[in-house]
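Welcome! Have a pencil ready and take your time with the protein chain shown here.

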Amino acid sequence: MRRRVVKALIALFPLLLAVPAFADWQLDPAQSQVQASITQLNGEAPQTHHHQVRDLQGDISSDGTLRLPLKLSQTDVLERFGELPPWVGLLANTTLVTLEAQMPPERLDGLDIGESLVETLTFRVQSDMVNQQEAVPLRFTREGLNEIRVTHAEPMAMDGRALMENTTVRTVLSMLGYQEIDEHVPVTLNALLVNR
């Protein structure tokens, strides 16, 4: 009986090695941010200002769902207003929107160090007031055994007109002094996925 158990375990060992171990990929907040360049048109001459969304947090679940919650506190907007009332702090840490997309983790797990792949992810924006989708081509490059760099695969830009049509966004931009902005808002993504 004991010999059969040992033989069964020996027979299972190669099978266990053949089964791929899917990584638990998560964004490293310290190394994950998005920058947007907004050109202000209401003035004597156009002026371009850079804004950041930093400390991106999110993960890819075993079923391939990438979730990326965004909070006001992750932006540089509050810093521009100076000292604010305490209640703003409560609002700042509330999730405003969550971006969701599908990214099969086995695609990432299969990358060798130095190898890249381009994947177009369709992000769904979910919030109480917004429900839209956007296809974004991203480049995933394996930098180390447990690290994958995520950047945009081609130039990305948001539609400035669409931003100004959104009541919430327009209010925030107005508070920052933007009355009219260029229709082309370039966006730069630089994020790091780590296998925890």
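The exercises below go from the whole chain to single residues, and the model they use is predicted.

**Exercise 1. Describe the chain as a whole: how many helices and strands does it have, and what share of its residues is buried?**

Step 1. Start with the secondary structure: the protein chain has five helices and eleven strands.

Step 2. Next, look at burial. Of the 196 residues in the protein chain, 33% are buried.

Step 3. Finish with the contacts. Among those with a separation of 6 or more, 59% link residues 24 or more positions apart.

**Exercise 2. Find out which residues touch the most other members of the largest nonpolar core.**

**Exercise 3. Trace how strand β5 pairs with β4 and with β6.**

Step 1. Strands β4 (residues 59–60) and β5 (residues 65–71) run antiparallel and are joined by two bridges. One partner to look for is Leu66 in β5, which is bridged to Ile60.

Step 2. Between β4 and β5 lie four residues, and the two strands form a hairpin. In its turn, Gly64 has a positive phi of about 90°.

Step 3. Move on to strand β6 (residues 95–102): β5 pairs with β6 in the antiparallel sense over seven bridges. For Lys71, the bridge partner in β6 is Thr95.

**Exercise 4. Decide whether Asp76 is buried or exposed, and find what its side chain reaches.**

Step 1. Locate Asp76 in the loop between β5 and α2 (86–92).

Step 2. Its relative accessible area is 10%, and the cut-off for buried is under 20%, so Asp76 is buried.

Step 3. Beyond four places in sequence, Asp76 is in contact with His50, His51, Gln52 and Arg54. Asp76 and His50 are 26 residues apart in sequence, yet their C-alpha atoms are 9.5 Å apart.

Step 4. The side chain of Asp76 makes a polar contact with the His51 side chain (3.4 Å) and also reaches the backbone nitrogen of Gln52 at 3.2 Å.

Note on methods:
Residues numbered from 1 in each chain as written. Predicted model: local features only at pLDDT ≥ 70, side-chain atom pairs only at ≥ 80, totals over all residues. Heavy atoms only, no water. Core = buried A, V, L, I, M, F, W, Y, C linked by side-chain atoms within 4.5 Å. Buried < 20%, exposed > 50% of the residue type's maximum accessible area, 1.4 Å probe, protein only. Pairing = 2+ DSSP bridges. Contact = heavy atoms within 4.5 Å. Polar contact = N/O pair within 3.5 Å; in protein donor to acceptor, adjacent residues only side chain to side chain.
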